[in-house]
Amino acid sequence: MTFINYAAREINCKIVYYGPGLCGKTTNLQYIYDRTNPSAKGKLISLATETDRTLFFDFLPLDLGTVKGFKTRFHLYTVPGQVFYDASRKLILKGVDGVVFVADSQEARLEANIESIRNLDKNLKEQNYDIATIPYVLQFNKRDLPSALPTDELYRKLNIKREPTFEAVAPTGAGVFDTLKAVARQVLMDLRKR
Amino acid sequence: MTLPDLVLYDEEFRKIKDSLNRLAADANANVVFLVDKNGQQIAAVGDLQTLDTTSLASLTAGNVAATDGLARLIGEREFSILFHEGERDNIHISIVAQRVILVVIFDERTSLGLVRLRVRRAMAELDRIFEDIAAKAEKDKLALTTDFESPFAEITDEDIDRLFSE
């Protein structure tokens with residue numbers, strides 16, 4: 001649900017990073033936070049357990065500049081990836097404008113990725129969204145690991161609608177901004193149709 | 001149910017601000033702000049200098065969403081009022097028109113009773129304003145099919161590239 005404030009001339013969009021546990025959603029946000037000009041970002045909020053696993057969500061507000069005279073704000077959220085936090089994931093998808101699916105490239109996590117995409121599809125449907133039409137970008141993270149599957153195999157198994165797909169190594173930032181830009185582009189282009 | 005896009009025009013924005021200002025003064029509160037259920041801040045008044053209102057908005061919405069989830073688990077539709085008591089400051093949260101969240105932050109210079117009383121009056125006002133907003137949105141939707149030109153109709157790839165150019 002994009003929030004357009006004509007009085008303050010602002011557009012606010014919500015982007016959610018989805019994916020299985022330990023795939024690197026929080027690391028994506030952390031990198032964006034570290035590399036963004038202090039004037040363009042708010043605080044990075046992490047509701048995490050003592051062992052740094054996301055418990056509820058991470059939140060990062062970004063102020064990217066103006067489009068057509070409107071200040072453009074993106075609110076980035078991550079969901080908790082662990083299977084048993086499904087109730088929390090549903091809450092965070094409320095009012096989402098675009099989704100980034102962060103896949104873990106390791107062979108051992110292939111099933112977890114597939115399961116998580118299925119879970120995303122189901123949870124979007126419950127909120128009356130359709131994964132086929134919502135702005136959506138796929139990221140193959142952890143490309144630097146030796147156990148990473150070849151990208152063409154991941155593409156065959158995880159790409160669902162020829163969505164833009166990026167290779168990434170989130171701790172070094174490779175592919176992180178490309179992914180964000182791709183989803184932001186889709187969200188803003190979506191406003192044209194409104 | 002998916003809520004439609006929230007579009008706020010000058011007139012309603014001013015009315016909302018007036019209502020929040022009145023509430024802050026009448027309840028003797030430090031800060032009053034309004035957030036939508038998705039965590040977007042709609043308006044804020046009061047002593048905002050030292051406050052990170054964006055984070056506050058997102059966490060409030062998360063808090064309300066989690067509490068809503070709890071409510072449904074036990075067969076309630078929602079818990080319409082939440083109250084957090086601190087040593088110095090307190091937060092009073094209430095749901096307006098089922099879609100926006102009214103937050104009042106106050107300290108010992110006032111009382112919970114007074115805040116609740118004033119909040120109730122403000123909620124009735126805000127209810128009306130949000131009804132107007134919904135009616136206007138409905139009208140716009142009709143106009144959209146005829147002659148309404150969205151300012152975003154002409155967004156180009158270059159506009160988006162510029163956002164990421166630094």
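Reply: Along the sequence, chain B reads β-α-β-β-α-β-β-β-α-α. That comprises 4 helices and 6 strands. The model is predicted: local features need pLDDT of at least 70, side-chain atom pairs count only at pLDDT 80 or more, and totals for chains, interfaces and linings use all residues. Residues are numbered from 1 along each chain as its sequence is written, while chains are lettered from A and ligands numbered from 1 in the order in which they are written.

Me: Which strands are the edge strands of the open sheet in chain B?
Reply: The sheet has 5 strands in the order 3-2-6-5-4, with antiparallel pairing. Strand 3 (41–46) and strand 4 (81–85) of chain B each pair on one side only, and these are the edges. The twist averages 15° from one strand to the next.

Me: How do you know that strand 2 of chain B pairs with strand 3 of chain B?
Reply: Pairing takes at least two bridges found by DSSP between the two strands. Strand 2 and strand 3 of chain B are joined by 5 bridges and run antiparallel. B:Val35 stands opposite B:Gln41 there. Helix 1 (residues 10–27) of chain B packs on the sheet, touching strand 2, strand 3 and strand 6 (100–106) of chain B. The direction of helix 1 makes about 40° with that of strand 3 of chain B.

Me: And what joins strand 4 of chain B to strand 5 of chain B?
Reply: Again 5 bridges, with the strands antiparallel. B:Glu85 has B:Asn90 as its bridge partner.

Me: Now chain A. Why is it called as compact as a globular protein of its length?
Reply: The globule rule is 2.2 Å times the number of residues to the power 0.38, and the radius of gyration is taken over C-alpha atoms. For 194 residues the rule gives 16 Å; chain A has 16 Å, so the label holds. Chain A has 5 helices and 8 strands, in the order β-β-α-β-β-β-α-β-α-β-α-β-α. Its C-alpha atoms fill a box of roughly 50 × 35 × 30 Å along the principal axes.

Me: Why are helix 2 and helix 3 of chain A called oblique to each other?
Reply: Angles under 35 degrees count as roughly parallel, over 145 as roughly antiparallel, 65 to 115 as roughly perpendicular, and the rest as oblique. Helix 2 (residues 86–93) and helix 3 (residues 110–126) of chain A cross at roughly 55°, their axes coming within 10 Å. The two are therefore oblique. Axes are lines fitted to C-alpha atoms, for helices over the stretch in contact, and angles run from 0 to 180 degrees between N-to-C directions.

Me: Which residues make that contact?
Reply: Helix 2 of chain A gives A:Asp86, A:Arg89, A:Lys90 and A:Leu93; helix 3 of chain A gives A:Asn119, A:Asn123, A:Leu124 and A:Glu126. Contact means C-beta atoms, placed from the backbone, within 7 Å.

Me: What ties chain A to chain B?
Reply: 40 residues of chain A are in contact with 35 residues of chain B. Helix 5 of chain A gives the most to the chain A side, with 8 residues. Strand 1 of chain A also pairs with strand 1 (residues 6–8) of chain B, in the parallel sense over 3 bridges. A:Phe3 stands opposite B:Leu6 in that pairing.

Me: Where does a positive phi turn up in chain A?
Reply: At A:Asp52, near 65°, in the hairpin of strand 3 and strand 4 of chain A, which has 5 residues between the strands. Those strands run antiparallel, joined by 3 bridges. A:Ser46 stands opposite A:Asp58 in strand 4 of chain A.

Key: Two residues are in contact if their C-beta atoms, placed from the backbone, lie within 7 Å.
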